[in-house]
Every structure is written in C-alpha cells, then in structure tokens.
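Here is a protein model to walk through.

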Amino acid sequence: MTTAASTAPTTDGTQAPSLPDEEIEKILETMSEGFVQWPRAPIYHRPDEAGLAYEDVTFPSEDGVPLEGWYIPAEGSNRLIICNHPRWFNRAGLPSHLAPWSKFAGATGNDFEINFVPDYKILHGAGYNVLSYDLRNFGQSGSANGGVFSVGRFESRDVIGSLQYARSRAETADMTIGLFSRCVGGNSTMYAMERHPEAFEDVRCMVSPQPLSSGVALERALERFGIPVDRLSDLDELIFRKTSFHIDEFSPVPWAKSVRVPTLLYQVRDDLYTRPSDIQSMFDNIPIDEKDLFWIEGTTRRWDGYAYFQREPTKILEWFDKYMT
C-alpha cells in the first residue's frame, strides 16, 4: 500500500504537495531515462528561408563522430562565428510548438518555437561568416557513446572537431574565430577548454547564453513535481546506472576555471530551470578580466534567453566586434 506525506520541503524553504512513493519512483525513472533517450528534433528551418546562401557540410568530431552543419559565407569577411546549440535543439532551433517537443519544457511556458536562422541572418548581416553544427546525438549528427547525453563531456569533442574543421577548410583556415556556444554548447566548450586549452589559443572570444549545472536544474524539477529534494540522491543513482556519470560531474562551474578567452554570459534571471547563483558561480570562476554577465529580466521562460539575440542583438554584436575586429 502506498502512502504519502502531506507536504515536501523544497530548497527555497516552501512546502510543495508530496506524491505517493510509486509516483515519485516513476517520475525519477523518466527523468533519468531522458539522459539516454529522447525524440530527435528535425531540421525545421534552413538558411535559404532568410535569403542566406549556404553549404551543407559534414566533418568529424575529435573522436570521429560525423557532425552535420551549415557554412554560411559572408563575402569579403575574414571573421567566423562557430555556433552550437542547447539540449534537445539542433542548429535550426527547436519546433517546441509541436508535439512531442512541446512536452520538453511546455509546463514552464516554453512551448513556443525557437528558430535560430534569424540569428545567422543577423551575424551574416554584421559581416560574419557562420559555421553552425549539430552536436552528437542531436539533429542529423551521428549517434555516439551509446546515446548518452553527458551535458558537455562527450559533446566537448564536437567543439574540438568544429575548430579543427574551420582551421582545415581552405576558405576559413586563416579567419578570426569567435564562438557562440549556447546552453549545453557552452558547457561543452568550457569542458573542451579544460581538456585542450591549446585548441583555443587563437580563438578571440565567446558568447555563451545560459550554460547550466544539471544538479541545479534537476533540483528545480523535483520542486516543481513536489518531490522531496533529498530524493536527488536516488535520481543520481539512476542517472549513474544509465550514463556512468554522477550529477555533479555534469556541472560547468569547475570547468569555467579553464576559460581563457574573453567571454560574455547571459541568462534569464528568474528561469524556472536554474538559479542565478549557478551562472554567477561560473562567471566568478572565469579567471580573466575580459568577461561580462548580464541578466534578462521580466520573464521566467528559459526560451526567452535563447530568443534574446534575435530580439536584442546589440550587446552580443558589440562583444563580437570588440574582440574580433
């Protein structure tokens, strides 16, 4: 017979309704399964929709996984921005206005589409060549590592592969490089910097919206479900059995200590998927003076952070122009 307490303490000191143990165990299993299985999103948009000429490209990751992407040339420019993407997304964005992708974060208001093609249009119009690619296990890139999503660890190999490709391609080999590394793409870039700092010696700068630690995001999820936060240890065990990693191994906070390129971070302050202290800790750990952090106010929707650049591009373009001119 299943019993349940009337309330469950949360990390912000409030009380949320508790659930029967059987229901809690089912939710924890579903959450852990999300680290190894999810519906891939289609490449729902292409650059020519915005009048951009582009080339479909493929190149190997550091460990040989085939990665798919787009190269969007800007005539007469010697500046290149390499773009990657958040979890669940791909180089085109995410059709989160459609099922099943609307279920990923729809309960927190993030059920509207994110289309990244306008981002590339803005960058191209500002005089940048663009290389955008799908991380492993997303979009049209290859499956790898048993399908495990490692929140930046395995995916860091894709960051290295994109740099190797840019330096080996005749048109881009001598270009000035900047990085637009979104969410888990930012995590991946920071971990790549920890593993191979030499690969970033000639990278001029990085813009990284909304990197996050899985432990914080999972705590927030437990709160929303009304699950006692001390069950995070049970969730950690389930995730470890599926991925061979513990939750604290998915945090970019320690990896930020290896960031040596001028870096701009930005984040929805009241994002329901994280806490301001998480990105603040990353920012504080970046050991250089050429860094900045700004907050997006007036929303709790994480997706507003992903759409911010196409809505308000000025700060980001100023950062790229400052370090890439």
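**Rings, charges and a buried threonine**

Tyr-266 and Phe-294 are both buried (under 20% relative accessible area; exposed is over 50%, partly exposed in between, with a 1.4 Å probe and protein chains only). This is a predicted model: local features need pLDDT of at least 70, side-chain atom pairs count only at pLDDT 80 or more, and totals for chains, interfaces and linings use all residues. Residues are numbered from 1 along each chain as its sequence is written, and side-chain values use heavy atoms, with hydrogens and water left out.

Start with the rings. The structure holds 24 aromatic pairs. Rings of Phe, Tyr and Trp (its six-membered ring) pair if their centres lie within 6.5 Å; planes under 30 degrees apart count as stacked, over 60 as edge-to-face and the rest as tilted. Trp-88 and Phe-104 are stacked, 4.7 Å centre to centre, with 20° between the planes. This pair links distant parts of the chain, 16 residues apart. Trp-88 counts as buried because its relative accessibility is 16%. Phe-104, at 17%, is buried too. Tyr-266 and Phe-294 also form a stacked pair, at 5.0 Å and 10°. Tyr-266 lies in strand β11 and Phe-294 in strand β12, so the pair ties together parts 28 residues apart in sequence. Strands are DSSP runs of E, at least two residues; helices are runs of H or I, at least four; both are numbered from the N terminus.

Now the charges. A salt bridge is a side-chain nitrogen of Lys or Arg within 4 Å of a carboxyl oxygen of Asp or Glu. The count comes to 20 salt bridges. Asp-63 forms one with Arg-157, the closest N and O atoms being 2.9 Å apart. Asp-63 lies in the loop between β3 and β4 and Arg-157 in helix α3, so this pair ties together parts 94 residues apart in sequence. Asp-63 is partly exposed, at 36%. Arg-157 is partly exposed as well, at 24%. Arg-167 forms a salt bridge with Asp-202, at 2.4 Å between the closest N and O atoms.

End with one threonine. Thr-189 sits in helix α4. Where does that leave Thr-189, buried or exposed? Thr-189 is buried, because its relative accessible area is 0%. Its contacts (heavy atoms within 4.5 Å) include Asn-84, Val-159 and Phe-200.

Conventions
Lists of a residue's contacts leave out its neighbours within four places in sequence.
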